[in-house]
Structures are given as structure tokens and as C-alpha cells.
Amino acid sequence: PNAIQNLMKVATTQQSFELVSNEDVAVIRILAGGILCNVKFVIFAQLEKTYQYRPGGIPADETKPWDDLSRTLLQIISDYVTFDIHAAAAHAAASVRAIATSRAEAVANGTETVSSTKQESELDQLNTRMSYVQLALELAANIFTEEGATETDEAVSEKKADNAVSAKVNTPKAADEDHEMAGDNDDEEEHDADEEERDADEEYASAASGDENDSDFEDEDQNDFDEDDMEELLADESTIAKEADETIQHSILGMFLNVIVPSLRLLAEPTKMSTLAIAIKECSVSETADEASLKMIISVSETFATLHERALGCFNNFLLVIEDSLKSWFRLHSDNVAAWWGFLIAVADHLFGVESTPAEHSAADQRLRFVILEPVVGCMWTLARSVGGNVPVTPEQIEGLIHVCEAAPSAEIRVKAVGVIGNVARRQPGHIDANKRIGNYLLEHIISKPLLAFASSNGNREASSLLTDSDIEPIVEALDLFYDIYSDADYDYDGPVFVTGDFLSKLRQMCVPMRKLSKSVDRRKNRSLRDRSDLAHENLRAFIDYKSSERKGR
């Protein structure tokens, strides 16, 4: 108890320090706060046990210090991480130039070793400062993820207490969302299932050339749709969102939004030392310079790139909490959505803009660029998903995201890029051309091309090495997005894109390859991917049935 009380005094500025700089005091308080956050669940478990029989549970005077701690820490973190990252990059570049010059002179004079210089010491101090900034960002993300989410849920649940509405959309994907994979199947059972699926998939493939989009089908749910009920529902949701928003502005979420997010945006902006090719020019060092100088530049660039990565990861945590708990918040703050999208695009443009294409840079530079680009695209994915794709994206930006899909060195980045463009394709009305571009790209390049290549290898497990997880994950994600994008014939792009483009026939041809691909994934080595692949295949067949009958009777 005494240790907790002392740490609380340190973290909440009740403890004074002499002969210590303000910057070091902030680090001490951040570290103390980190320790307290790590032991908080233990403390609260003890409090719950102590007061389990007390009416009303834990007294407010026991919980208030912890609530105040979170707010105090966020303010300390905000002050600490607010520094000019571009000035720091310029200072680092000047130090590297001085060190490289000193080393070059030593070599010219025949001196083999050079003693530590003032500039090296300054670089070490900068590296230490930035490592503490990263620690502070991690703590801020943890505070918000744990407490911001809780406060948001409480704000929403209070407003929704008398307005609960539950619904389940009758589409193939929704119908399969409750599907649970059984345990490990015996080889004989799986073989029997394979035989049945093979016959069904071959029927789909053989029917590809005879697709019809007209029949007697009529969606019964459409007859039950009441526009007055929908208007009332939307009005209720809007009221709930506005009232919850007022509550949130005074919560941890509001504090994070107003105090931390602006700092995150500044820390995420790439500097002249964030990418290797630009850093070499900034430091006036040739790419053929001595190995020690190049290693030093790479080390500095890695430090800046990692800081950008942490800042963007912290920002994505913020977006994810809002998406999970209060998606309607985005509708009330479309200006924030537009500003954040523009900021993320600016960062991506800096990394892979027209002035610097990936092919022109070294492998090390590419690695550093993608270290930053992956969380950028992750934030874009969360943001686009949260607003149903309604972000201010341009045709040029769509092409840029497609380029990221093609250049991505890992499954994680490619899946995220596919997620962004897939959600952007959902915009309607008025974005038919963009939907056509994205729909064709997903179907032809992300789904069909690798599946058909895999099918030509007979799809056996020995040949499964032809397709790695980097190829399979995007296929599954693209299929899932396809089911959402083209889930309704009333969407303005469904006719001119899905029907006119003969997407249904092309999807039929994917049934057999997708089944083979799914079965090639070893359940014992990657159960999650196998389950998701199986489900994607099942949903593919259901989606084809759904779209085959959707337009009949219209």
C-alpha cells in the first residue's frame, strides 16, 4: 500500500523534485504512471473483494484517485510528446554530418579510431528522448484503450437503455456470421465433405456460362420495410449520438481527442531523416560512404520511423475504440474524418509520392518506408470502415492504394490496403466509376489471378507452397468485401458494374479453386486461416445463390 501511495504521489505531481530538469521529471512521472497502470487490475481486484458485500460496491473515494490518475497522465504525456520533430531531424542530420566529416578527416590523416564527440553524445540524448516518447505513446494508448472504451460504452448504453433495437440482415454473409467451425475433423469425415463440395462446386462452374439475372425471386424483407420506422430509428440514433457526444467531450475520450491526437499527428509526419534515401542526401553523405557512416544514418532513420509507427498505432487504437463503441460519432464529425483522411494521405504521399518510387531505393529504405506505411494504411482502413467508405478519396488516391497492394512486401500490409479500397468501393450513390475500378481490380488481380494459378497446380498440399499466407489472406479479405460491396441489387453500381461486368459468372469459376485452396491450408499449422478460408468458400457459394436469384421478378 505504501509503495502504491508513493507512486501515486509521483505520478500525480504531488511529489516535488529538486535539481532535476522538467523533462526528466516528466519521464519519472510517466514511468510511475506506467507501473500503476500495470498493477491497477490487481488493486481493483482486491478492492472488489474487500467491498463485495457493501451496498453500492467500491466507494467513490477509493476509485477517484485512479480516475484522476488517467487524466493527469494524459496531460503529462501530451506535454512531453509535444516537441518539434522536424527540428529534431534537422539537428540529427547536422550531428551526423559533423561525425561523418570527423571520421573522414581521421581516415585521411591515418587515424584509425575517433574518440566520442559532442555530436555523438547529442545523438544518444535524442535517441533516449525519442525512446521515452515511444513509451509515453504506448502508455497513452493503453489508458485510452482500457478506460476510454469503458467510458464510451457507458455513455452509449445509458442513452440506448430505452431505445434498444436489434436486427439481423438476411444476406449470405450475415447468415454465416454465427457459423462455428467444428473441432478437428477425422480424415474420413473431411474426405466425405470434400466429395460433396467438389460436386457442388463443379455444378457452379458449369453453370457459369448460363447465368441469368431475372426470375420470380422477391425478397420478402423488402415488403416489410417501413420508411417511417426507418426515419424514426435514424432520428433516435442521431439523438443518442449527440447526447453521448456531449458526455464524451468531458470523458477520457474527449481529453484524448483534444489533447493527445493533435500531438500524434505531428509525431506521425515524416521528416527528412525518416526515410533512408532522403536522409543520406540531408546528411550530405554519399551512398558509397564508409560503412560506419551509413550504419549511423540507418540507425537514426530507424529511430524516427519507429516513432512515426508508434504514433500512428496509438491513433489507430483511438479510431478502433470509437468504431467499436460509438460508430455514430463519425457521422457527427465528418470534418474530423476529412481532416484525418487528408493527413494520412499526406503521410503516404511523402513515402511513395511521385518524387520517390519504391524501385529507386535500397532494400533498407524500402523496409523503413513500409514500417511507417503499414500503420498509415491501417488507420485508413479503420477510418474507411467506420464511415462505410465515405471518405474524401480521389481517383488518384485509389490508384495509389492499388499500387500499395501490388508493392506490399507482407500479407499484413496488402490485406489492409485491400480493406481500404474495398470499403471505399461501397460508397453510393454517385461513385460508379470508382466502384468499377476497384471491383475489377479485386476480382481480377486479388481473387482470380492467384486462385486460377493455384488451381493449375492441382491444388494439392505439396503444391501449396506456390501460394503463401501473403497471397491467401488478401484473397479471403477481398471475397468478404465482395459480399458486402455487392450485397444489394438496389445499389446504384450493382447493375452497371456487377451485372454488366459479368461478375457472377467469374465468381462461379472461383468455387473449385477456392475449395482447393482452402483444403490446402494445414489446419494443424494455421487453424485460423483454414477456418476463415473454409468460411470464405462457403460464403462464396451462398453469395452466388443469392445473387443468381436476387434480380428475378424485378
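This is a predicted model: local features need pLDDT of at least 70, side-chain atom pairs count only at pLDDT 80 or more; totals for chains, interfaces and linings use all residues.
A residue counts as buried here when its relative accessible area is under 20%, and as exposed when that area is over 50%.

Helix α1 spans residues 2-11, and its buried residues are M8, V10 and A11. These three cover an arc of only 160° around the axis, which means that they sit on the same side of α1. Turn to the face of α1 directed away from its buried side, and you will find the exposed residues N2 and Q5. The cover over the buried residues of α1 includes α2 (22-50) and α3 (60-81).

Now step back to take in the whole chain. Its secondary structure comes to 23 helices and 0 strands. The chain has 554 residues, of which 48% count as buried. Its accessible surface comes to about 27,400 Å², with 48% of that belonging to carbon and sulfur atoms. Among contacts with a separation of 6 or more, residues 24 or more positions apart account for 81%.

F498 and F543 form an edge-to-face aromatic pair, with 6.1 Å from centre to centre and 85° between the planes. F498 belongs to helix α20 (residues 494-499) and F543 to helix α23 (residues 527-550), so this pair links distant parts of the chain, 45 residues apart.

The charged end of K547 sits over the ring of F498, 4.7 Å from the ring centre. K547 also forms a salt bridge with D494, and the closest N and O atoms of that pair are 2.8 Å apart. Here too, the pair links distant parts of the chain, with D494 in helix α20 and K547 in helix α23, 53 residues apart.

Side chains of opposite charge can pair when their charged atoms come close. In this model the count comes to 19 salt bridges. One of them joins R310 to E138, whose closest N and O atoms are 2.7 Å apart. R310 is partly exposed at 31% relative accessibility, and E138 is partly exposed at 35%.

E406 and R414 form another salt bridge, with 3.8 Å between the closest N and O atoms. In this case E406 is partly exposed, with a relative accessible area of 47%, whereas R414 counts as buried at 16%. Elsewhere, R523, R527, R530, D531 and D534 are linked in a network of salt bridges.

Let us return to the aromatic rings. A search of the whole structure finds 19 aromatic pairs. One of them is the edge-to-face pair of Y486 and Y493, at 5.6 Å centre to centre and with 90° between the planes. Y486 and Y493 are both buried. Aromatic residues also gather in a cluster made up of F144, F256, F315, F318, W329, F330, W340 and F343. For another charge placed over a ring, look at Y80: the charged end of R129 sits over its ring, 4.4 Å from the centre.

The peptide bond from Q428 to P429 is cis, with omega near 5°. P429 is located in the loop between α17 (411-424) and α18 (432-455). The other detail is D502, which has a positive phi of about 55° although it is not a glycine. D502 lies in the loop between α20 and α21 (503-508), and at 37% relative accessibility D502 counts as partly exposed.

Conventions: Residues are numbered from 1 along each chain as its sequence is written. Side-chain values use heavy atoms; hydrogens and water are left out. Rings of Phe, Tyr and Trp (its six-membered ring) pair if their centres lie within 6.5 Å; planes under 30 degrees apart count as stacked, over 60 as edge-to-face and the rest as tilted. Buried means under 20% relative accessible area, exposed over 50%, partly exposed in between (1.4 Å probe, protein chains only). Helices (H or I, at least four residues) and strands (E, at least two) are DSSP runs, numbered from the N terminus. A charge sits over a ring if NZ of Lys or CZ of Arg is within 6 Å of the ring centre and within 35 degrees of the ring normal. Contact means heavy atoms within 4.5 Å. Accessible areas come from the Shrake-Rupley method with a 1.4 Å probe; for residues, only the protein chains shown count as cover. The arc is that of the directions from the helix axis to the C-beta atoms. A salt bridge is a side-chain nitrogen of Lys or Arg within 4 Å of a carboxyl oxygen of Asp or Glu.
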